[in-house]
Amino acid sequence: MVALWVILGIIGLILFAYLIITLSVFLHVFHRDDKRVENSLHENDYLTYQPFAETFKAYRNLFDSFNKEIITIKSYDKTKLVGTYIEGEKKNKVVLMFHGYMSKARNDFSSMLDYYKWGTSFILVDQRGHYRSDGKYITFGYKERFDVKCWCKYIVERFGEDVQILLAGVSLGASTIMMASDVGLPKQVVGIAADCGFVSAKQEMKFVIRNAKIPFQGLLFAGINMWAHFLGGFDIDDIKTSGALYNSDIPLLLIHGDEDDFVPYESSVINFESSRAPIKYFETFKSAVHGGSYLEHPHEYVSCVEKFLKEIKFLD
């Protein structure tokens with residue numbers, strides 16, 4: 001009898017440890033972390049990007065020099081969302097931009113330097129769970145895709161039926177706009193430019209876990225997904241871009257660096273093959289790390305984006 005209680009006690013301790021570990025991982029990955037966002041891409045961090053410090057500095061200086069309007073809207077679930085509007089010469093051409101995971105627009109859109117030269121206007125979104133927007137959890141596109149639709153609705157209501165909207169995103173932002181492509185976006189959305197987005201949150205998490213050489217990967221994921229259901233109200237298995245792209249005919253530009261060690265390059269290969277858009281391009285940038293295609297190859301990057309925007313009649 002004593003042995004039985006000892007065995008049950010050991011099982012209980014193992015189960016308790018499992019719940020604590022998976023909860024800790026879930027909170028680290030999915031819970032908002034304002035300190036991490038505030039410190040994202042600080043000059044002393046991310047050595048991979050240090051060679052491009054001057055590029056980041058030039059972009060931030062330009063961004064800070066713009067006249068900006070802070071916009072607040074309510075999403076479908078009443079979550080407060082905040083964005084920054086920068087007016088260009090063309091008020092009827094709006095680039096709606098979504099930043100990456102645990103980051104913010106001021107860091108992620110160096111390419112905006114060139115969009116601005118083309119005269120377009122911008123709304124740079126703070127994704128839910130980031131910076132000035134509300135939201136306790138980051139859901140990797142599960143809820144954010146409907147935020148995209150709310151932002152598009154706002155743009156049409158504000159700028160009129162003749163407005164054209166380009167969705168642009170990097171990393172998590174890229175996956176968000178791809179997932180949004182089949183939620184009934186307004187006809188004013190004329191294209192999607194997605195830089196280094198994933199195929200599914202499950203695949204992405206397993207990729208990161210495997211690279212970190214963490215054991216019992218399947219068991220760990222199952223526990224994390226349990227907490228996602230219980231605390232976040234979403235299922236990680238349902239967070240996928242490929243199905244949305246298959247159901248969408250919105251013109252698509254995919255960009256990915258072939259040395260991305262965070263979101264595998266193959267993700268964009270699968271996304272491109274899944275898309276049934278009548279106009280679609282896939283641009284590979286050699287030796288570029290995650291989110292580094294523009295930094296490594298600015299002229300080629302701008303050229304492929306400009307070609308796509310002219311093809312979809314967003315630019316003359």
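Which helix supplies the largest share of the lining of the second largest pocket? The largest share, four residues, comes from α8. Helices here are DSSP runs (H or I, at least four residues), numbered from the N terminus. The model is predicted: local features need pLDDT of at least 70, side-chain atom pairs count only at pLDDT 80 or more, and totals for chains, interfaces and linings use all residues. Residues are numbered from 1 along each chain as its sequence is written, and side-chain values use heavy atoms, with hydrogens and water left out.

The second largest pocket has a volume of about 360 Å³. A pocket is an open set of points on a 1 Å grid over the protein atoms alone, where a 1.4 Å probe fits, with protein on both sides within 12 Å along at least five of seven lines; lining residues have an atom within 4 Å of a point. The volume is the space filled by probe spheres set on the points. Of the 18 lining residues, Val-29, Tyr-101, Met-205, Val-208 and Phe-262 are the closest to the centre of this pocket. Both α1 (2-30) and α8 supply at least two residues of the lining. The lining holds 14 nonpolar, two polar and two charged residues. Ala, Val, Leu, Ile, Met, Phe, Trp, Tyr, Cys and Pro count as nonpolar, Asp, Glu, Lys and Arg as charged, and the others, Gly among them, as polar.

Helix α8 (residues 201-211) also packs on helix α9 (residues 217-232). Their axes, lines fitted to C-alpha atoms over the stretch in contact, come within 11 Å and cross at roughly 130°. Angles run from 0 to 180 degrees between N-to-C directions. In α8, Lys-202, Met-205, Lys-206, Ile-209 and Arg-210 meet Gln-217, Leu-220, Phe-221 and Ile-224 of α9; contact means heavy atoms within 4.5 Å. By class, five of these residues are nonpolar, one is polar and three are charged.

Helix α9 also packs on α1, at an angle of about 65° and with the axes 8 Å apart. The pair is therefore roughly perpendicular (65 to 115 degrees). This crossing, too, is right-handed. Residues of α1 in the contact include Tyr-18, Phe-26 and Phe-30, and those of α9 include Leu-220, Ile-224 and Trp-227. The contact has 15 nonpolar, three polar and no charged residues.

Note on methods. Parallel < 35°, antiparallel > 145°, perpendicular 65-115°, else oblique. Left-handed = near helix turned anticlockwise from the far one by under 90°.
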